[in-house]
Amino acid sequence: MREPVDDFADHLARVRNRSAHTVRAYVTDLVSLLDHAVRMGCVDLAELDLTVLRSWLAKQRTMGAARTSLARRAASARTFSAWAHRSGLLPADVAAPLASPKAHRELPTVLRADQAAALMAAPSRPTASPEAGAGAAGPSPAGEDEPVLLRDRVLLELLYGTGIRISEACGLDIADVDHGRRVVRVLGKGGRERAVPYGVPAQRALDAWLGRGRPALADPGTGGALLLGARGGRLNPTTARRIVAGYAERAGLPRTSPHGLRHSAATHLLEGGADLRAVQEMLGHSSLASTQIYTHVSVERLRAAYRQAHPRA
């Protein structure tokens, strides 16, 4: 069954234009499913049926898989089944009636506006960047630290100021920044391109980074990447997550990730009166349902304030 798996992965990447991360997740799910099918006695892909699919999901549940994981695996199975039927590998779309548990959507944790401001100011303090991790040595001389601190500042300002994903931020090139209109051109999920505005603080951070920081870190092989690591290559998302978490910890803030800054940006926009459709466009959500969760966050904050302050709560 290796050939159908390889063909399905190629279909996802080339035809559906899915990201490498999505392709890897779907293929991992498919390999798990087919392994389970073989253990149940299937010797050919055409023998895959709804009973096998339900048995596979049931086994995943007994092994402790979360509802969100089960929902994704069911979606992987349905996507593969539909493709295999169209390709003539399955006599019917056997996974079409496959039900999946409704993923429980927890309200995202967001920073208050004053906490976000404290995080934005954190890289201005004369201390080593969290880029090197917990085992890093103490601060370097101020002159050596400056390029990295300027990079950290622009990273935080862009993540919070635009609400873009960490992969989108690390994928930005210099040419993607329109300084005149103060927008960045972002390539999001599914290869969808969008223009996202940013504010004056982010513009100042960009000017300082491009003027004094980036030239100090760039080397002949850097290329057009906007954000660079300490060694001159494109900044890695894993390193960027460590940077955000490190500054949040040093500032005494709740545990914060780049996605937490995205949540915070969306929530603060809606609390400030932004239109839900505009926030959807800014975040790059294909469905308005994905954006509506932030309206619930705002309502929960309102309820909490009411319970705390109103004498008749």
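Predicted model: local features only at pLDDT ≥ 70, side-chain atom pairs only at ≥ 80, totals over all residues.
Which class does Arg212 fall into by relative accessibility: buried, partly exposed or exposed? Hi everyone, let's get to that by way of the salt bridges.

Residues are numbered from 1 along each chain as its sequence is written, and side-chain values use heavy atoms, with hydrogens and water left out.

The structure has 13 salt bridges, meaning a side-chain nitrogen of Lys or Arg within 4 Å of a carboxyl oxygen of Asp or Glu.

One of them pairs Asp29 with Arg73, at 3.7 Å from N to O. Asp29 sits in helix 2 (residues 20-39) and Arg73 in helix 4 (residues 67-86), so this pair ties together parts 44 residues apart in sequence. Helices here are DSSP runs of H or I, at least four residues, and strands are runs of E, at least two, numbered from the N terminus.

Asp29 counts as buried at 3% relative accessibility, and Arg73 counts as buried at 18%. Buried means under 20% relative accessible area, exposed over 50%, and partly exposed in between, with a 1.4 Å probe and protein chains only.

Now back to Arg212, which bridges to Glu146 with the closest N and O atoms 3.2 Å apart. Arg212 is in helix 8 (residues 200-217) and Glu146 in helix 6 (residues 142-162), so parts 66 residues apart in sequence are tied together. And our opening question: Arg212 counts as partly exposed, at 46% relative accessibility. Glu146 counts as partly exposed too, at 33%.
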